[in-house]
Amino acid sequence: KTNGLALAVDLGASGGKLFVGELKDGKAEIYPVHKFKNKIVLAQGKAYWDFLRIFDEIKMGYAHAQREFDGRITSLAIDSWCNDYALLSEHGTMIGSPRNYRDSRTFGWVERSFGLMPQYEVYRRTGQQFQRFETSYHLLAEKEQDPDILGIAKELIFIPDYLAHLLGAKKYSEYTIASVSNLYNLVRNEWDREILDAYGLPQKIFMPIVYAGEKVGEIAKDVTDELQTPSAEIYAVGSHDTASAVVAAPAADDEEFLFISSGTWSLVGAELRHPIMTEESMRLGFGNEGGVMRRNRFICNVMGLWILQECVRMWNLQGKAYDFAGLAEEASKIVGCDMVFIDPDDERLFEPANMPEVVAQMIKEKGYTPRSDIEIVRIVTQSLACKYRYVVDNIEYLTGKKFPCLHIIGGGSQNVFLNQLTANYLHKPVKTGPADATGIGNILTQWIGRGILKDLKEAREICAASCDIRTYQPVGDEAFERHYQKFLKDIKKA
Ligand code: LFR
């Protein structure tokens with residue numbers, strides 16, 4: 001067995017991270033090698049990604065990593081958030097700059113699309129949540145607002161797949177990211193022709209599917225000449241970051257398990273062997289996302305730490321110089337507002353905004369006036385924990401299963417206060433880590449593809465043996481149950 005030096009490129013809404021992974025004595029050693037910031041770029045009220053800068057950061061990170069590891073990195077793979085795409089002209093040139101999924105152009109399109117095909121008709125094909133940022137709604141909005149663009153587009157390619165192509169990979173749509181476009185038929189396992197027809201979208205722009213683990217090319221000569229590095233093979237992994245993250249859940253692979261993949265979003269779900277596509281699961285807001293090795297993530301998006309990231313961004317613009325961990329720590333200590341809740345999934349929290357003001361307004365609507373920034377952090381944090389409980393209750397109801405514990409993976413798993421509150425509200429032990437689940441899952445999948453690891457089971461065993469996993473036991477059951485009942489009343493009234 002080789003030691004398999006592999007480079008993972010993991011792109012998130014607030015930053016990109018590159019990791020090198022090495023397999024040593026049955027353990028995965030993970031080395032962070034490059035980091036950069038990412039953000040929404042607003043131009044004339046439209047939201048974009050700074051796509052070419054992201055590409056450049058990947059190249060610089062690759063060159064840096066190869067130098068640090070004496071040119072021994074032999075494979076690379078890219079994952080990112082989902083939904084967003086580039087449209088390519090006949091000769092493969094990108095048309096315009098890719099939009100950011102939070103762009104306001106999709107507003108109202110979820111409901112309007114039901115006039116083109118009824119909601120359950122769509123759900124029984126795609127099995128997805130109905131969220132305004134999905135690819136299908138962007139395309140519908142684009143077709144209405146900017147029809148010329150779709151008119152000349154020959155191909156649609158998702159962000160991480162396009163970045164891989166620019167490095168030298170062939171063009172494709174990786175399965176996990178295609179599956180969440182709301183245009184992919186999960187049952188027939190192909191692009192859904194009837195939905196595309198009903199929406200009046202061109203069939204021909206959708207690409208062939210490849211699966212995680214497939215070798216898709218190698219770093220092209222123009223790139224290695226520019227960077228003065230050796231080449232490496234490029235692999236498809238779960239292009240959708242959440243699919244890659246769940247590969248690194250340190251759960252026993254033969255069991256279905258509960259998780260929260262916690263970053264900008266909190267993805268609350270269970271890995272199941274089969275999708276649940278009933279009218280009830282649709283009504284309760286669940287989707288079925290394609291996973292690596294065709295596993296199924298039964299999942300509900302909760303707005304997550306985005307709310308606090310946006311608050312901190314605004315406070316720092318006001319010159320306050322807060323840091324995330326410090327705020328959470330202070331919020332855990334205050335008293336006086338622990339029965340005040342908002343619904344973290346209120347539509348008003350979705351787009352970039354003056355978040356402290358929006359949240360304060362929502363809190364006032366509940367009859368309480370926040371007295372400090374820390375109270376805002378406190379109320380958002382406990383509302384998130386309650387929302388987790390609400391979603392987990394629904395998962396247990398819809399699957400008919402009681403799960404013994406909850407795994408929290410991703411960067412958000414470092415929020416000690418939120419982890420403890422989650423254990424308390426759920427009355428379940430919470431196991432946290434790894435924080436870099438997405439990067440690690442990306443690397444583990446490359447190793448499976450390269451034949452260094454056998455399967456997902458072996459990958460998860462290695463992950464569990466290599467990572468620091470911390471357990472939070474629930475405390476104070478009775479009080480938290482009372483608070484949770486109050487939260488339920490508050491969100492039902494809304
Ligand atoms: C997490 C994530 C979620 C997806 C959201 C938007 O980074 O990929 O899974 O719903 O971003 O793409």
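The protein contains 19 helices and 21 strands, where helices (H or I, at least four residues) and strands (E, at least two) are DSSP runs numbered from the N terminus. Its radius of gyration, taken over C-alpha atoms, is 22 Å, close to the 23 Å that the globule rule gives for 494 residues, so the protein is as compact as a globular protein of that length. The globule rule is 2.2 Å times the number of residues to the power 0.38. The model is predicted: local features need pLDDT of at least 70, side-chain atom pairs count only at pLDDT 80 or more, and totals for chains, interfaces and linings use all residues. Residues are numbered from 1 along each chain as its sequence is written.

**Overall dimensions and packing**
- The C-alpha trace spans about 60 × 55 × 50 Å along its principal axes.
- Of the 494 residues, 50% count as buried, meaning that 20 or more other C-beta atoms, placed from the backbone, lie within 10 Å of the residue's own.
- Among contacts (C-beta atoms, placed from the backbone, within 7 Å) between residues at least 6 apart in sequence, 74% join residues at least 24 apart.

**A seven-stranded sheet**
- Seven strands form an open sheet with mixed pairing, in the order E17-E18-E16-E15-E19-E20-E21; two strands pair if DSSP finds at least two bridges between them.
- At the edges lie strand E17 (287–290) and strand E21 (470–472), each of which pairs on one side only.
- Neighbouring strands of this sheet are turned by 30° against each other on average, direction ignored, with axes being lines fitted to C-alpha atoms.
- E17 and strand E18 (residues 296–302) run antiparallel and are joined by four bridges; Glu289 has Arg297 in E18 as its bridge partner.
- Helix H16 (residues 416–426) lies across strand E19 (406–409), strand E20 (430–432) and E21, and runs at about 155° to E20; such angles run from 0 to 180 degrees between N-to-C directions, and helix axes are fitted over the stretch in contact.

- Not counting residues up to four places away in sequence, Val359 touches Ile307, Cys311, Ile342, Ile376 and Val380.

**Annotated domain**
- An unreviewed UniProt entry carries the annotation "domain: Carbohydrate kinase FGGY N-terminal" for residues 6–247.
- Over residues 6–247 the chain is 35% helix and 25% strand, with the end C-alpha atoms 16 Å apart.

Methods: A residue is buried if 20 or more other C-beta atoms lie within 10 Å of its own, exposed if 12 or fewer, and partly exposed in between; C-beta atoms are placed from the backbone. Two residues are in contact if their C-beta atoms, placed from the backbone, lie within 7 Å. UniProt positions are given in the numbering used here, feature names are shortened, and annotations may be inferred rather than shown by experiment.
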